[in-house]
Amino acid sequence: GASATWVTVNAGAPWAAPASLAAGCMFRVGVGSTQAIANTTWTKVEFDTEEFDLGSDFNTSTYEFTAPATGKYYLHGGFRTSTTHSADDDMAIYKNSSAYAMHSTFRQAGGSYVVTSSTLQVSCIMDMSASDTASVYAHTEGGGFSIGNSSITQFFEGYRLV
């Protein structure tokens, strides 16, 4: 097969794409530049750099994955702040326009905030209908921060399970 092609062996038949991957739904994207996350505002993370996108289901202009077919999808995202700050930070995977899964980091020690960088990751298995969207949002409650400039520490990926 060609590069990035999945195949199975069928007794007495040629190689074939497995049914569970027939929709070609696998993607991983990163943040190609630095993005500011404003204080107290849920901000969509601008994943604009594709590492791979079988099926072309991730839009690097709207920063959204669109489900090509009804099914269960595994979604996983993460980022590390590239600036230090003293606040609680949140990360969420949105389904359409609502938070679906969330991770929060609380940074108080002895009753006061500590100044540091944050690393957040969130993952979920999401039931999606064809044309539902998924995206990642970030939030903070203290001064804002920035992320970006490394696909290693800023990523969003998804895989259709069934």
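A residue is called buried when its relative accessible area is under 20%, exposed when over 50%, and partly exposed in between (1.4 Å probe, protein chains only). Glu157 is buried, with a relative accessible area of 11%. The model is predicted: local features need pLDDT of at least 70, side-chain atom pairs count only at pLDDT 80 or more, and totals for chains, interfaces and linings use all residues. Residues are numbered from 1 along each chain as its sequence is written, and side-chain values use heavy atoms, with hydrogens and water left out.

The protein has zero helices and 17 strands. Helices (H or I, at least four residues) and strands (E, at least two) are DSSP runs, numbered from the N terminus. Of the 162 residues in the protein, 41% are buried. Contact means heavy atoms within 4.5 Å. Among contacts between residues at least 6 apart in sequence, 71% join residues at least 24 apart.

The largest nonpolar core holds 27 residues. Such a core is a set of buried Ala, Val, Leu, Ile, Met, Phe, Trp, Tyr and Cys residues joined through side-chain atoms within 4.5 Å. Phe47, Phe65, Leu75, Ile93, Met128 and Phe156 touch the most other members. Strands β3, β9 (71-80), β10, β14, β15 and β16 (145-148) each supply at least two residues of this core. Strand β14 gives the most, with five residues. Phe156 has contacts well beyond its own stretch of sequence. Residues up to four places away in sequence are not counted here. Among those that Phe156 touches are Phe27, Val29, Phe47, Phe58, Leu75, Ile93, Ala134 and Val136. Arg28, His76, Gly77 and Ser135 are also touched by Phe156.

Five salt bridges are counted. A salt bridge is a side-chain nitrogen of Lys or Arg within 4 Å of a carboxyl oxygen of Asp or Glu. One of them joins the side chains of Glu157 and Arg28 (2.7 Å, N to O). Glu157 lies in strand β17 (residues 155-160) and Arg28 in strand β3 (residues 26-30), so the pair ties together parts that are 129 residues apart in sequence. Arg28 counts as buried, at 18% relative accessibility. Salt bridges that share partners join Arg28, Glu51 and Glu157 into one network.

Another salt bridge is formed by the side chains of Glu64 and Lys44 (2.9 Å, N to O). Glu64 is in strand β8 (residues 64-66) and Lys44 in strand β5 (residues 43-44). This pair links distant parts of the chain, 20 residues apart. Asp132 and Lys95 also meet through their side chains in a salt bridge (3.9 Å, N to O). Asp132 sits in the loop between β14 (119-128) and β15 (133-140), and Lys95 in strand β10 (residues 89-95). These two residues are 37 apart, and they too link distant parts of the chain. Asp132 is buried, with a relative accessible area of 13%. Lys95 counts as partly exposed, at 23% relative accessibility.

Strands β10 and β11 pair in the antiparallel sense over seven bridges. Two strands pair if DSSP finds at least two bridges between them. Ile93 stands opposite Ala101 in β11. The hairpin of β10 and β11 has two residues between the strands, and Asn96 takes a positive phi near 55° in this hairpin.

Thr105 belongs to strand β11 (residues 98-105). This residue is buried, with a relative accessible area of 16%. The side chain of Thr105 makes a polar contact with the side chain of His103 (3.4 Å). A polar contact is a pair of N or O atoms within 3.5 Å; within protein, one must be able to donate a hydrogen and the other to accept it, and residues adjacent in sequence count only if both atoms are side-chain atoms. With neighbours within four places in sequence left aside, Thr105 is in contact with Asp88, Asp89, Ser118, Thr119 and Leu120.

Ala69 lies in the loop between β8 and β9. Its C-alpha atom is separated by 7.3 Å from that of Ser131, 62 residues apart along the chain. Apart from residues up to four places away in sequence, Ala69 touches Met128, Ser129, Ala130 and Arg160.

Zero disulfides are counted, a disulfide being a pair of cysteine sulfur atoms within 2.5 Å. Cys25 is buried, with a relative accessible area of 3%. Cys124 also counts as buried, at 11% relative accessibility.
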